[in-house]
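Please have the model open as you read.

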Amino acid sequence: MEFNKIFSDQLDHCYAIMRLQALNRDFIIVASEENHPCYAYDLNNNFNKSTVWSDIGGTMTMVQIPGTLNFLATQKFYPGFNSLHCRIVKETFNGQGWDQSIVGEFPYIHRFDIIPKTKDDYWYIGCSIANSKKNTNDWSDPGKVWVGIYKDKPQKITALKALPIRITKNHGYQRMAGYSLITGEEGIFRLDYPTKVDDWQLQQLSSIATSDIVATDLNDDGQLEYLAIDGFHGSYLRMYDNNFHTLARTTKETPFGHALWGGEIKGHNYFLFGWRSGAQGLKLIKNVDLTGDLLASHLGPSNVLVYQKEQQQYLLSANREANEVAIYQICDK
């Protein structure tokens, strides 16, 4: 299997990425984590670039509003992690580009999501990296998991409340089938959404400090395996089985571990992992013992995803330390 770069563009501190597909249109969205632009690349028009916003940035998370080319995004998550004035904005597609409106300020919100509830209402989940900070290195006031209802009309989050848990240095969030995984210094948690019978339910799955987590059935045994980064921006990887028992842990440091993805490539399941210091590599993980192939070095990916278009698969990588948006065509050797 080969990963051949077919597209490259410069974006300082490129970070958040998203495939935005609806209404016979198809875009890749990439935003900077600093005071730099967010760009859209048209996959139906030879990666033609347009500017979603030209500055402000500080974007950690972007979430599509289902069935539309509209999306929500965080901005102003800077300086560092001292993001008191972090906000969520809505970008509304006008046929040619996007119009911005401000949903509101949500201090220190690092990851967020909306889960369909009714036609125009969504469950809102917001994970703050801290509750307050004196400076970027102050972690004395742990973050919260905020929940509520996002109403797309009139673009407002209501019934906002914090769950009875505090999570230090939240970094990871992963939407699963009917629930979400949230990670931090206290470990890995499963968040189940409200039902007619139960309110929000939060269950701890692991007490090992975790930065990020993704899942796929790597060994084709019919159950999920989980790939996690140990510690906040940690230097080691851990493989869990479906019951969160450790299958393997790396011994060689991969400092500033950050980019994770899991899923199907060319008919088999794999994990992708990128780290932002040292060799700044991107690795394809093939086995539960964490072995695989180094795809590239000196990139420092912040986030990666694999997408398919017209029976061909591609890898989108926000090569943050190289200030590069890159797309690779995935080919059989």
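1. Strand S22 gives the most to the lining of the largest pocket, with 5 residues. Strands here are DSSP runs of E of at least two residues, numbered from the N terminus. This is a predicted model, where local features need pLDDT of at least 70, side-chain atom pairs count only at pLDDT 80 or more, and totals for chains, interfaces and linings use all residues. Residues are numbered from 1 along each chain as its sequence is written, and side-chain values use heavy atoms, with hydrogens and water left out.

2. The largest pocket holds about 1000 Å³ of space. A pocket is an open set of points on a 1 Å grid over the protein atoms alone, where a 1.4 Å probe fits, with protein on both sides within 12 Å along at least five of seven lines; lining residues have an atom within 4 Å of a point. Of its 29 lining residues, Ile 17, Met 62, Tyr 173, Gln 174 and Leu 305 lie nearest the centre. The lining divides into 16 nonpolar, 8 polar and 5 charged residues.

3. The second largest pocket has a volume of about 280 Å³. It is lined by 16 residues, with Lys 252, Glu 253, Thr 254, Trp 275 and Lys 283 closest to its centre. Strands S23 (268–275), S24 (282–285) and S25 (292–296) each supply at least two lining residues.

4. Finally, Arg 190 sits in strand S16 (residues 187–192). Its side chain makes a polar contact of 2.9 Å with that of Asp 192 (a pair of N or O atoms within 3.5 Å, one able to donate a hydrogen and the other to accept it; residues adjacent in sequence count only if both atoms are side-chain atoms).

Notes. Helix = DSSP H or I, 4+ residues; strand = E, 2+ residues; numbered from the N terminus. Points joined across faces, edges and corners; volume = space filled by probe spheres on them. Nonpolar A, V, L, I, M, F, W, Y, C, P; charged D, E, K, R; others polar.
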